[in-house]
Amino acid sequence: MVARGWKVANPSGRRRVIVTKELPGDRWLEILVAADARVEYGTGTRILRMNEIKSAIGDRCDGAIGQLTENWGEALFAALAKAGGTAFSNYAVGYDNVDVGAATARGIPVGNTPGVLTEATAEMAVALTLSAARRIPEADAYIRGGKYEGWLPTLFLGESLARKTVGVIGAGRIGAAYAKMMVEGLRMDCVYYDIHQNRILERRIRDYSKFLKSQGERPVRVTRCSSVDEVLRRADVVSLHPPLAEATHHLIDAGKLRLMKDNAILINASRGPVIDEAALVAHCKQNPNFKAGLDVFENEPKMKPGLSSLKNVVIVPHIASATRWARQGMAILAASNVAAILRGWPVSNDQDRIPEFVDGKAPKAAPSIVNAAELGLSTLDVSL
């Protein structure tokens, strides 16, 4: 008996896997079916409550794929372990919604989906940056509202970004991709803060700088800053790309916002709680030339009062990774994680091999298990 709002694929499968939301594409389902799994997946759009997920796990469940909107903590991993579950994957690259310790304590591997949403998320951060700088949503609403009566010298004056300074907080794969797009597209100088020096990014920007100089243009500069504060003070645009952790919760608060330039642009396509959203609302009200672009929110799907009415804030509903290729790739990786663990295959954890999984040339391995070392899981022989 399948609960209302759920579908079943391969009903005769020996293993049982639940997927809390239907995923895009077909390959993810084929991967699980090939692992002899009966796959039960949710078809609704509403975020499931904990008791609903527990009910879906039931008395027997070998594996599960969950969403970043769900709190996979002690209660759910206890239920999954009790039902015989030995595999879980988050349908996201981040896993701040997952209590990895609770899963590890029960011997459950936790998968995630890195490497396929880098470009898509960076592109969205760029889109938010340009939309905020040039006031695109305001202008769109203006003309759709029948207010446009002809060209005016002062109509929707925005900010030019060419040759300005872009700041990145969190220069991992996504942050670095955003930096490269902004630097090479708009010849911006780059300042960044990360606990690790990104030598690859620095070399890329310096090589581009040499090219500009060879063409008779002013070179661009890249600087690793010693603090978040330094980035905020120096940059005309700041894009946030850190993981969400205790240290980064409300990383950008009222005090940090005051450090930024009056006409700066703040972009967040990482996790909502990195910004104190109420402080951002107050700052944007007090500083109409300050702009922000947000893909994520502190208490999704809700927004802090006043945010949605601010004309100097661009908002989109958590769609940074929403390209067909990226979202289907995430589904393939999540399914591959669960299927590989159920089959007793080793773990790859090599992001350079991620395209092999997405392109259908995958090794017999789980693409990304974040607690593989803690569980002592075998790793893929790199010679294979």
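**Charges.** I began with the charges of this predicted model: the mean positions of its 49 positive and 41 negative charges lie 2 Å apart. I counted Lys and Arg as positive and Asp and Glu as negative, leaving out His and the chain ends. I placed each charge at NZ of Lys, CZ of Arg, CG of Asp or CD of Glu.

**Ground rules.** I numbered residues from 1 along each chain as its sequence is written, and I used heavy atoms for side-chain values, without hydrogens and water. Local features needed a pLDDT of at least 70 and side-chain atom pairs counted only at pLDDT 80 or more, whereas totals for chains, interfaces and linings used all residues.

**Salt bridges.** I searched the whole structure and found 22 salt bridges, each being a side-chain nitrogen of Lys or Arg within 4 Å of a carboxyl oxygen of Asp or Glu. For each residue I also noted the relative accessible area: buried is under 20%, exposed is over 50%, and partly exposed is in between (1.4 Å probe, protein chains only).

- I looked up R60 and D62, whose side chains form a salt bridge at 3.1 Å, N to O. R60 is partly exposed at 42%, whereas D62 is buried at 18%.
- I looked up D352 and R173, which form a salt bridge at 3.9 Å, N to O. The two residues are 179 residues apart and link distant parts of the chain: D352 is in the loop between α12 (324–343) and α13 (354–358), and R173 is in helix α7 (residues 173–186). D352 is exposed at 60%, and R173 is partly exposed at 46%.
- I looked up R353 and E356, which form a salt bridge at 3.1 Å, N to O. R353 is buried at 15%, while E356 is partly exposed at 27%. I also noted that R16, R38 and E40 are joined into one network by salt bridges that share partners.

**Whole protein.** I recorded 14 helices and 13 strands; these are DSSP runs numbered from the N terminus, with helices (H or I) of at least four residues and strands (E) of at least two. Along the principal axes, the C-alpha atoms fill a box of roughly 70 × 50 × 35 Å. Of the 384 residues, 50% are buried.

I then turned to contacts, meaning heavy atoms within 4.5 Å. Among contacts with a separation of 6 or more, 66% are between residues 24 or more positions apart.
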